[in-house]
Amino acid sequence: MTKDRPIPRCKTGIGLRSQHATEIAAARPKLGFLEVHAENYMAETVAVDRLLELRRDYEMSLHGVALSLGSAEQLDHGHLGRFKTLIGRVEPVLVSEHLAWSAIGGAYLNDLLPFPYTEESLGLFCRHVEEAQEALGRRLLIENPSSYLRYRHSSMPEAEFLTEVVRRTGCGILCDVNNIYVSAMNFGFDPIAYLDALPIGAIGEIHLAGHHAAEDVDILIDDHGSRIAQPVWDLHAAALRRFGPVPTLIEWDTNLPALEVLLDEARHAQELADVHRYVDTA
Amino acid sequence: MSTDMLTLLELQMQLRRAVLGGDTAEIVAAIHGDGLDPAARVGIYRNHAFATLGASLQATFPVICRLVDKRFFAYVAHEYLRGHPPHSRCLVEYGADFGDFLADFEGCEALPYLADIARFEWALNVAATVREAPPMRPEALAAVSAEQAAYVALRLQPSLSYLASAWPIDAIWQANQQNEVPTVDFSGGGTKLEVRRAGEAVAWRRLDPASFAFRTALADGLVVAAAMAAATLLDPAFDLAAAVQRVFAEGLATAYCLSPEQEPMR
């Protein structure tokens, strides 16, 4: 299996949305990498051609959102095949997916849905990660989700579950700092303790994004639709202290602002990473 | 059944039903309240599914949305999502059968052309997104012997769609691009359209009945001789050589095969 090609540590990138593609192609802003949702480029569309043009100037990360590794049924082999084809075209530096499920019984629900953390689901999830890594010929980074519900029969904390997936499959972790913060606020756990429970060497990428408070219930919603909140920057600093400077991505998927706003967030993340190069890791 | 005994598959099928607007009673028994009604927690996921998939449909079918108004569209989209959730995990492929769904949907009888407009918008969506293949040069057919000529079938550009409607759907669509919708002339009857990608843009045009029959038959994979027969029924003077020449000149053909041998396309 091919390991991720090393990208210089402490590189900062942004999520590429089609609305910004023309401007990025013209202005060529200095960025460590661009990340795209793999599913947006799996059909034989003109968007793929535009992506490959940008690929000449930027390292790319492919972020899968629909492989549904947590589904209690077989992986979709057609989808895996399309993912592999895209990896062959893009030659990404990083390939990632989620600790979640999104399809069952032939219906794709377009969300990252939680599943209970049990011995049964751990065995199943690990089999799917191994199968996907084998089929794609790449090590996967698995991202911790933001959650709005927990199951009564979960028998282990999420960080412990994820750590065990890493131990059994050799995958890495995409540590979404905003997701940790959102879930911690929604369920009342300590986000620092969550960071401390993750294996340091496995962190291959960090995600940062905005969230908002729901109107009618006391819940934070992870919407990738605003600037990164100060408590999330603070948690990110704690993550950098623990993990060292890790490739970091600014995600913004709804209420898309001008490109300059994303670049500004990326600059801030890069400054934080630069500072933490001189701080001992835990 | 106690939640301890619930298999992961059963639990996921329960959450699927709840997220798609069905019963939430089963799944809430498996969920921690954590200070909230578990049904409200499920509601966050359901709202997300309907909001994002509904927005995807609205982006693909803007004229349908305008014709039936936003509130009715939200209701139609809701019913469509419940009964026809996406099968493909690439959302650009979601909505192909929305026109068929509308054709049978109660409450749309006053707009009999609605289903055909949806099919037209789907064709525009395909043409806007799908990559064109390199056109085949007519010289490639030089390898075909005279005896084989009757068995040639062509593969056409993947961005192409052929639509026949009893209504002037292109005029209705065009009228709804403007703020003040002008009166559409229905006196000319229906239309036969070819939709495709042309460079960086989407293009469509009306075809005469014989050309429409010829190209639709080719698109369906029929051999050229059969397409010719269909066209000649509508126009005894149909000029096959000129029709084939136009298909190549317009870059519509991308490959050919010899049927019925079912050789691979080349």
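Student: Which residue in E12 of chain A does A:Ile206 stand opposite?

Tutor: A:Ile206 stands opposite A:Thr248 in E12(A). Before we go on, this is a predicted model, where local features need pLDDT of at least 70 and side-chain atom pairs count only at pLDDT 80 or more, while totals for chains, interfaces and linings use all residues. Residues are numbered from 1 along each chain as its sequence is written, chains are lettered from A and ligands numbered from 1 in the order written, and side-chain values use heavy atoms, with hydrogens and water left out.

Student: What makes E9 and E12 of chain A a pair?

Tutor: Two strands pair if DSSP finds at least two bridges between them. Strand E9 (residues 203-208) of chain A and E12(A) share three bridges, in the parallel sense, so the pair passes that test. By the way, strands here are DSSP runs (E, at least two residues) and helices are too (H or I, at least four), numbered from the N terminus.

Student: What do the strands of chain A form with parallel pairing?

Tutor: A closed barrel of eight strands, running E1-E2-E3-E4-E7-E8-E9-E12. From one strand to the next, the twist averages 25°. Helix H6 (residues 177-187) of chain A packs on the sheet, touching strands E7 (141-143), E8 (172-176) and E9, and its direction makes about 65° with that of E8(A). Touching, or contact, means heavy atoms within 4.5 Å.

Student: Over to chain B. Why are H9(B) and H10(B) called roughly antiparallel?

Tutor: Helix H9 (residues 209-219) and helix H10 (residues 224-234) of chain B have axes that come within 8 Å and cross at roughly 160°. Angles run from 0 to 180 degrees between N-to-C directions, with axes fitted to C-alpha atoms, for helices over the stretch in contact. Under 35 degrees is roughly parallel, over 145 roughly antiparallel, 65 to 115 roughly perpendicular, and the rest oblique. Therefore H9(B) and H10(B) are roughly antiparallel to each other.

Student: Which residues of H9(B) meet H10(B)?

Tutor: From H9(B), B:Pro209, B:Ala210, B:Ala213, B:Phe214, B:Ala217 and B:Leu218; their partners in H10(B) include B:Val224 and B:Met228. The contact holds 12 nonpolar residues, no polar and no charged ones. Nonpolar covers Ala, Val, Leu, Ile, Met, Phe, Trp, Tyr, Cys and Pro; charged covers Asp, Glu, Lys and Arg; the others, Gly among them, are polar.

Student: Why does B:Pro86 count as buried?

Tutor: Buried means under 20% relative accessible area, exposed means over 50%, and partly exposed lies in between (1.4 Å probe, protein chains only). B:Pro86 is at 1%, so it counts as buried. This residue is in the loop between helix H5 (70-83) and helix H6 (98-103) of chain B. Beyond residues up to four places away in sequence, B:Pro86 touches several others, among them A:Tyr108 and B:Leu53.

Student: Is B:Ile44 buried or exposed?

Tutor: Buried, with a relative accessible area of 14%. B:Ile44 lies in helix H3 (residues 38-60) of chain B. Leaving aside neighbours within four places in sequence, B:Ile44 is in contact with A:Tyr148, A:Ile219 and A:Ile221.

Student: And what makes A:Arg28 partly exposed?

Tutor: A:Arg28 has a relative accessible area of 37%, so it is partly exposed. A:Arg28 also has a positive phi of about 45° although it is not a glycine. For A:Asn255, phi is positive too, about 45°, but A:Asn255 is exposed, at 60%.
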